[in-house]
Amino acid sequence: AREPRTTSGEHRCVRIERAMMDESVLGEIRAAMMQCKTPTAYDKVYKDECTFSFDTPLSPGGLLTNLATHRSVGVDFIDMERRLCAKHGDPSSLYLLQRWRRVKKPQEELDAKRDPTKLAIGVEGGFNVDDDGDYDVVKANFLRVYPAGIDVELPCEDLPLTVAQCVDAVLQHAGVHAQDEVATWQEERRESRYADALAQEPSEGRKIPPDPKQWKCAETGATENLWLNLSDGFVGSGRKNWDGSGGNGSALRHYEKCKAEGKEYPLAVKLGTITPAGADVYSYAADEDDMVTDAKLAEHLAHWGIDVMRMEKTEKSMAELQIDLNKGFEFDKITEAGAELAQASGARRVGLKNLGNTCYVNSVLQCLKEVAAYERRYCAGADAIFESSPADATGDFCTQMAKIAVGLVTDRYAKGSGSDDDAPVAAVQPRMFKAIVGKGHPEFSTGRQQDAVEYFQHLLEVMTRAERAETRRTRAIDGLKFTASQFEFEVEERVACVESGKVRYVTRRENVLP
């Protein structure tokens, strides 16, 4: 029998093929089968990620899910997991072992891979953050039986019905991350408050020609990225994009000129995007200043001689342009396409996976890992923190913070220095951490974009509360009880009276520069 990777000399795991099941093995399973808890759709099942690391079923050795608690660990943590279960009175005899591997996709399938067509994350046609890229995933499942350390290949008809049903329910369960997280993001456009009663000047016979070749900016003569002001028929150039492409901003300047004259003409439509299904509409109004929708767009366009039913798309929409710019930024700005760069890998050079809109979380954690006191408390002290974890460590701040520290500071999840196949199949994904820190917060518990500074200050508050409550687990570093104190400084304000010359000094503690 083939022997899978083990974590220590305590257990030597033996794989049992389906045809090799005997009464001694079945006896051990029957003795422990009442420990199994079949999960319902409302139960939390952590079957995708280790509680103490970022190991997944794709990691070497796979991922073990306790059939009683529905929490998972990588093979490096199974001995500690069983010690903690014994400490807290949880069963630890039967585990579902998921062991997956990646297989390169056929070249014809890779050639047919489609680029994103929608400004969205995690939806059809959008950016797929969970895309396995050039690989298919081959899945193998086993029942791990302790204390014998036996792996029974699944499915197995000889298993007791209670165990088989529990295993099937865990495998079919969506998993806690799919339940709790907002997995998708898509650009939202709201109806403009100005659309319903939009002012439109008399056209006086002035019409916008249907031929795109006749369109040009009334101010500069530009012929690309043109926007029609729906109120007075002015055709102007759009603004520059962040990469320097785009237009010269004459459409915006025209709006500002009209505004100065007391005329609120906020809505403009992008020529070349008009179809019977709609078009790109932008509101320059200060209280909107964003892409919007116009329920009366066809009516407003007809005022300037444009029949939407006869229009065809001749230019990329703003969503398509932003997708192109994002793709170009990722490959051209970051990797400097065309330049030969040395790959950075190893400890401290580990990235975090974006979970939709978690750039603000990732940015803060990358900064935090550079603080020496944080590293010593949560990375060097990780073993002690893990060993003293509560029964449900998935919701324990100290455990999940130590898990983040080990993932970012060590080289456990650093990308290899060779080919793409050398890249780790697991990644630092702060899903449990984000859920704990954002719990109960009206903004940080959502999947929306947030401010990094506000999150940083909120995180320091959460961390200080946890360290105050867990002083034995988070020992003082260099005499500092709390990690947040590393960021504090004193600000002194001087207020002077210009008439009397008297002054007043006020001091306060801050953790970000004003």
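At what angle do helix 10 and helix 12 pack, and how far apart are their axes?

I worked on a predicted model, where local features need pLDDT of at least 70, side-chain atom pairs count only at pLDDT 80 or more, and totals for chains, interfaces and linings use all residues. Residues are numbered from 1 along each chain as its sequence is written, and side-chain values use heavy atoms, with hydrogens and water left out.

**Helix pair.** I found helix 10 (residues 372-380) packed with helix 12 (residues 397-409) at about 110°, their axes 8 Å apart; helices here are DSSP runs (H or I, at least four residues) and strands are runs of E (at least two), numbered from the N terminus, while axes are lines fitted to C-alpha atoms and angles run from 0 to 180 degrees between N-to-C directions. The two helices are therefore roughly perpendicular, a label for angles of 65 to 115 degrees. I noted Y374, E375, Y378 and C379 of helix 10 among the residues making the contact, which means heavy atoms within 4.5 Å.

**Aromatic pair.** I then looked up Y360 and Y455, which form an edge-to-face pair, 5.1 Å centre to centre with 80° between the planes; rings of Phe, Tyr and Trp (its six-membered ring) pair if their centres lie within 6.5 Å, and planes over 60 degrees apart count as edge-to-face. Y360 lies in helix 9 and Y455 in helix 14, so the pair ties together parts 95 residues apart in sequence. Y360 counts as buried at 4% relative accessibility, and Y455 also counts as buried, at 1%, where buried means under 20% relative accessible area (1.4 Å probe, protein chains only).

How values were computed
Angles under 35 degrees count as roughly parallel, over 145 as roughly antiparallel, 65 to 115 as roughly perpendicular and the rest as oblique. Rings of Phe, Tyr and Trp (its six-membered ring) pair if their centres lie within 6.5 Å; planes under 30 degrees apart count as stacked, over 60 as edge-to-face and the rest as tilted. Buried means under 20% relative accessible area, exposed over 50%, partly exposed in between (1.4 Å probe, protein chains only).
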